[in-house]
Amino acid sequence: MLTKRMTQTWMKKTMSLMTSEPEQMTVADGEKLKIGLVSISDRASAGIYQDQGLPALQEWFGKALTSPWEMVTRLIPDERAAIEQALIALVDDEQCHLVITTGGTGPSRRDVTPEATLAVATKEMPGFGEQMRQISLKFVPTAILSRQVAVIRETPDHAALILNLPGQPKSIKETLEGLKDAEGQQVVAGIFAAVPYCVDLIGGPYIETDDCVCKAFRPKNAIRAKTPSA
């Protein structure tokens, strides 16, 4: 039979376990963010015209990120097997923390980026795709034809967020940043505002952004002091 003191001790331990923070994957301080950028286009990969997706992404991240980062790029055709292979290699071999694709998300027969992305996933993140379509619907009614998805791919010791973006540079910028009014106030949040905290939760490096481009959102207990500018 439990004594009163033993019962009190057991209850304290139980309450401590119930109120403790959930365990998350950890990452070494100062690790550099590694981004995989994948442009998917039959004609651009064949050299018929110049790819616009990769330069648009490189330019946007160069303006938006203030913490250290590096990138790995791929330009591939609209072939499901090639897309799956590229995504797996970027996460498993290159150890990217974030992978961004552009192109191949429409309803045509050759648009298979979402199917390839889902095929390599361990978790779906449907909120990203929902928000992307909400942003694009502010401009064109055909945004409902876009099929962008977002997923997490996990290995035993690594995880990455994979996001499908539109193919047009203007749409890429709008999707990442969201919409602002004439005074520069945020009207609709872009999807990248949620990316840094998502990367935190899956064990990636701490991402800092230029608030004038895209302000990252985190719960108060997850915010660190800003890194001083060099």
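Here are some questions and answers about the predicted model shown above.

Me: What should I know about numbering and how this model was treated?
Reply: Residues are numbered from 1 along each chain as its sequence is written, and side-chain values use heavy atoms, with hydrogens and water left out. This is a predicted model, in which local features need pLDDT of at least 70 and side-chain atom pairs count only at pLDDT 80 or more, while totals for chains, interfaces and linings use all residues.

Me: Which residues of helix α7 are buried?
Reply: Buried means under 20% relative accessible area, exposed over 50%, and partly exposed in between (1.4 Å probe, protein chains only). Helices (H or I, at least four residues) and strands (E, at least two) are DSSP runs, numbered from the N terminus. Helix α7 covers residues 169-177, and its buried residues are I172, E174, T175, L176 and E177.

Me: Is E177 buried or exposed, and which residue is its salt-bridge partner?
Reply: A salt bridge is a side-chain nitrogen of Lys or Arg within 4 Å of a carboxyl oxygen of Asp or Glu. E177 has 11% relative accessibility, so E177 counts as buried. Both partners lie in helix α7, 4 residues apart, about one turn of the helix. With the closest N and O atoms 3.3 Å apart, the partner of E177 is K173.

Me: Which element gives the most residues to the lining of the largest pocket?
Reply: A pocket is found on a 1 Å grid over the protein atoms alone: it is an open set of points where a 1.4 Å probe fits, with protein on both sides within 12 Å along at least five of seven lines, and lining residues have an atom within 4 Å of a point. The largest pocket is lined by 31 residues, with G103, G104, P166, G167 and Q168 nearest its centre. Two or more lining residues come from each of β1 (33-40), α2 (42-45) and α7. With 3 residues, the top giver is α7.

Me: Which parts of the chain does the salt bridge between R153 and D92 tie together?
Reply: The closest N and O atoms of R153 and D92 are 2.8 Å apart. R153 is buried because its relative accessibility is 14%, whereas D92, at 26%, is partly exposed. The two residues are 61 apart in sequence, so the pair ties together strand β5 and helix α4 (residues 80-93).

Me: Where does L145 lie, and which residues does L145 touch?
Reply: L145 lies in the loop between α6 and β5. At 46% relative accessible area, L145 is partly exposed. Not counting residues up to four places away in sequence, L145 touches T105, G106 and P107.

Key
Contact means heavy atoms within 4.5 Å.
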